[in-house]
Amino acid sequence: MSLGGRRVELRLLRDRAHYDVLVQGVLAKARVSVWIATANVKELRVEAPVGSRARARGRYVSLLEVLRGLARSGVELRLLHAGVPSRAFREELARHEELRAGGLAMRRCPRVHLKMIAVDGAALYLGSANLTGAGLGAKGEGRRNFEAGILTDDDVLLDEMQETFDRIWSGRECKGCRLRDVCPSPLDGSGGSAKPSAKAPAKKAAGKGRSRLPRGPRSSKGGA
């Protein structure tokens with residue numbers, strides 16, 4: 001489609017498509033970076049990797065298992081969140097030493113309410129879904145949240161939102177914040193541990209031409 005005179009790919013995701021297209025089709029295949037912003041953080045389950053014994057047995061694993069695999073491949077993982085992660089998430093994270101040791105960088109800002117996932121500097125999700133099982137996980141039909149969002153490869157939107165993410169992440173929004181006095185750990189270094197971060201990740205070359213977003217299933221149970 002054309003957006004402001006630019007040719008971009010833009011896809012609407014609804015409900016189950018958040019899991020099928022965004023989590024399984026984009027996030028799990030990251031090669032450079034995954035930046036996630038969410039208000040809530042809860043443990044969520046996904047289907048075991050294709051080709052694994054667990055998959056053959058129909059098992060589901062924690063998303064943290066997927067993130068651990070990405071971290072081992074050198075993918076930069078950032079999680080920006082507002083609330084304290086659920087007990088189940090914290091208990092699962094405690095079992096992944098690589099993630100706790102820096103493989104998954106986590107920072108908290110109580111004002112974060114945006115829901116965003118940027119993958120490889122090439123795909124951007126903006127929508128309603130939090131990092132929870134009912135929002136992004138493999139929940140059964142009739143139990144998951146009603147969610148809606150967009151997935152795009154638009155460079156302008158990617159630049160804008162990665163800059164927004166990085167301003168919060170690096171503490172550049174802390175100085176003028178009127179909730180600073182009640183913030184558990186300001187990210188600008190005054191009571192926090194944040195340091196100025198690197199610029200947004202560049203796209204990794206993947207052959208000639210613009211990379212395409214995965215289409216995924218198109219049904220009444222998925223997205224449009």
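The lining of the second largest pocket divides into 12 nonpolar, three polar and five charged residues (Ala, Val, Leu, Ile, Met, Phe, Trp, Tyr, Cys and Pro count as nonpolar, Asp, Glu, Lys and Arg as charged, and the others, Gly among them, as polar). That makes 20 lining residues, with Cys-109, Arg-111, Ile-168, Glu-173 and Cys-177 nearest the centre. A pocket here is an open set of points on a 1 Å grid over the protein atoms alone, where a 1.4 Å probe fits, with protein on both sides within 12 Å along at least five of seven lines; lining residues have an atom within 4 Å of a point. Its volume is about 340 Å³, taken as the space filled by probe spheres set on the points, which are joined across faces, edges and corners.

Bear in mind that this is a predicted model: local features need pLDDT of at least 70 and side-chain atom pairs pLDDT 80 or more, while totals for chains, interfaces and linings use all residues. Residues are numbered from 1 along each chain as its sequence is written, and side-chain values use heavy atoms, leaving out hydrogens and water.

Which element gives the largest share of that lining? It's α7, with three residues; helices (H or I, at least four residues) and strands (E, at least two) are DSSP runs, numbered from the N terminus. Helix α7 (residues 155-169) also lies across β4, β7, β8, β9, β10 and β11, at about 70 degrees to β7. Contact means heavy atoms within 4.5 Å; axes are lines fitted to C-alpha atoms, for helices over the stretch in contact, with angles from 0 to 180 degrees between N-to-C directions. Helix α3 (residues 63-72) lies across β4, β7 and β8, running at about 140 degrees to β7.

Now for the sheet itself. It's open and mixed, with seven strands in the order β3-β11-β10-β9-β4-β7-β8, where pairing takes at least two DSSP bridges between two strands.

Last, the charges. The whole structure has 12 salt bridges (a side-chain nitrogen of Lys or Arg within 4 Å of a carboxyl oxygen of Asp or Glu). One of them links Glu-97 and Arg-100 at 2.5 Å, N to O. These two sit three residues apart in helix α5 (residues 97-103), so about one helical turn separates them.
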